[in-house]
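Please look through the sequence and the model below before reading on. The paragraphs that follow lead from side-chain contacts to the sheet, and from there to the helices.

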Amino acid sequence: MNTPTPSSSSKIHLNNIHDNKGTCKPKNHIVFLKTHKTASSTILNILYRYGDSRNLTFALPLNKHSQLFYPFFFASHFVEGVSSRIVREFHIMCNHMRFRKPEVVKVMPKDTFYFSILRHPVAMMESIFIYYKSIPAFHKARNLDDFLDNGCLGYNTSLTNNHYARNILAFDFGFDNIVAADAQVLEERASAAIAAIEQDFHLILISEYFDESMILLKHALCWSLDDVVSFKLNSRSERTRHTLLPHTADKIKVWNALDWRLYQHFNATFWRKVDTLVTQEEMRREVIRLQERRAQLAKTCLKDGGAVDPSQIKDAGLKPFQYGAAVIQGYNLNPGLDGPTKTRCQNLITPELQYTDILYTKQFPELAARHRKATKKVSAQHQPGSNRTGMMGQVWTKEIHHRRTVRHKDQNKNQKVSASSQLTHTAPKNTRHVP
């Protein structure tokens with residue numbers, strides 16, 4: 001495609017990063033737009049560990065939810081501590097949301113660094129189809145080809161969670177995700193989206209080049225190598241992955257044409273930033289050091305050296321949330337680790353829901369105690385035979401409650417969440433925000 005020239009704003013972003021090289025100070029004000037099925041849970045863990053170890057304050061979801069009321073457009077009052085004004089300064093915002101910059105800036109300081117991550121739409125569609133198999137768009141389809149050949153013909157944008165099935169990257173960034181691949185407005189829509197993202201974000205990472213992305217992030221934030229080292233989180237077992245045929249890939253690129261345009265553009269700009277900020281040779285050296293450090297930590301921290309299926313995880317508090325047809329793997333800690341080492345290793349492998357719960361309890365102990373009491377009451381009433389105990393049962397119950405709440409709000413069109421956060425799937429114009 002003919003990609004537009006990067007905006008002057010994006011050039012300023014890049015120059016500011018580059019000028020600070022060698023004399024920079026670590027950035028603590030950060031917004032990460034957590035996109036879906038893009039290795040974003042691993043980046044969330046990196047941000048959680050960084051902020052947790054420095055007692056930074058996270059812009060966590062209101063009422064102990066796991067997401068910032070996604071899929072509704074983000075509104076500032078979705079953050080715990082905003083309406084109550086019990087938090088004076090937020091440092092990091094990184095939970096799932098549908099991006100809306102004017103609302104985000106109400107929460108985050110002016111010097112905040114904005115970044116996100118994209119994944120190749122073909123691989124991402126395969127993952128989404130497995131993970132969200134129960135949504136109306138997918139649940140009758142025998143396989144992904146069946147959906148692309150038949151199911152998409154009756155695709156209903158108004159049904160709950162069907163936004164996951166098409167141009168989910170564009171949707172997460174706040175754009176209308178419905179546009180036909182052969183529509184005359186496609187290129188115009190794609191160019192407008194690219195320009196807006198370049199205006200709002202300092203850095204867009206690429207999932208297929210995760211280690212290189214972490215090195216770029218390290219330089220952009222002026223962090224250390226240990227700050228960006230990680231293990232894969234929320235990753236599927238290989239047995240639930242499916243190799244796609246070339247003709248399937250072509251159909252996905254057509255169906256998700258807007259996401260495909262975004263990916264093509266930012267994949268190209270990613271490598272231009274590598275050349276400008278790091279250089280190819282230095283990138284290769286730093287990637288090797290990152291991989292060596294990860295291997296060292298795996299040897300120290302992980303029993304059997306890698307990920308295992310959830311049935312093999314010994315500590316219930318380290319089991320990742322299971323959803324859809326995917327089998328989400330996790331880790332077991334090596335036995336006999338000393339206190340500080342065990343804490344660090346455990347933080348590296350703590351799943352998203354559990355870590356969010358830990359941070360919420362740390363920031364809002366009194367509110368967390370009330371929520372625990374309420375959750376236990378709900379669990380006792382609705383799950384009398386459940387064998388889920390402790391924090392694991394509590395965070396899973398909260399996640400299920402959140403998904404039911406969002407589904408109820410999405411189905412009941414007369415129930416108003418907020419004037420500024422209503423979700424519109426069929427906006428006639430390429431607008432980022434609800435009127």
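Over the face of which residue does arginine 98 lie, and at what distance from the ring centre? In this predicted model, arginine 98 is placed over the face of phenylalanine 171, at 3.7 Å from the ring centre. Phe171 also belongs to a cluster that ring pairs link together, the other members being Tyr70, Tyr131, Tyr132, Tyr164, Phe321 and Tyr323. A further arginine, arginine 166, lies over the face of tryptophan 255, at 3.8 Å from the ring centre.

Searching the whole structure for aromatic pairs gives 28 of them. A pair of aromatic rings is described by the distance of the centres and the angle of the planes. For tyrosine 360 and phenylalanine 364 the ring centres are 5.2 Å apart and the planes stand at 50°, so this pair counts as tilted, given that the tilted class lies between the limits of 30 degrees for stacked and 60 for edge-to-face. Both partners are enclosed: tyrosine 360 is buried with a relative accessible area of 1%, and phenylalanine 364 is buried with a value of 5%.

Turning to the chain as a whole, its secondary structure comes to 16 helices and four strands. Of its 435 residues, 56% count as buried, and among contacts between residues at least 6 apart in sequence, 76% join residues at least 24 apart.

The four strands form an open sheet in the order β2-β1-β3-β4, with parallel pairing. Its edge strands are β2 (92–93) and β4 (203–206), each of which pairs on one side only. Strands of a sheet pair through backbone hydrogen bonds, either parallel or antiparallel. Here β1 (residues 30–33) runs parallel to β2 and is joined to it by two bridges, and isoleucine 30 has isoleucine 92 as its bridge partner in β2. In a regular strand the side chains alternate between the two faces of the sheet. Along β1, Ile30 and Phe32 point one way while Val31 and Leu33 point the other way, and all of these are buried.

Which strands does helix α2 lie across? Helix α2 (residues 40–53) lies across β1, β2, β3 (113–118) and β4, and runs at about 160° to β1. Helix α11 (residues 257–278) also packs on the sheet, where it touches β3 and β4, and its direction makes about 105° with that of β4.

The C-alpha atoms of alanine 220 and leucine 203, which are 17 residues apart along the chain, are separated by 8.2 Å. Just after α8, cysteine 222 takes a positive phi of about 60°.

How values were computed. Residues numbered from 1 in each chain as written. Predicted model: local features only at pLDDT ≥ 70, side-chain atom pairs only at ≥ 80, totals over all residues. Heavy atoms only, no water. Phe/Tyr/Trp six-rings, centres within 6.5 Å; stacked < 30°, edge-to-face > 60°. Buried < 20%, exposed > 50% of the residue type's maximum accessible area, 1.4 Å probe, protein only. Lys NZ or Arg CZ within 6 Å of the ring centre and 35° of its normal. Pairing = 2+ DSSP bridges. Contact = heavy atoms within 4.5 Å. Axes fitted to C-alpha atoms, helices over the stretch in contact; angles between N-to-C directions.
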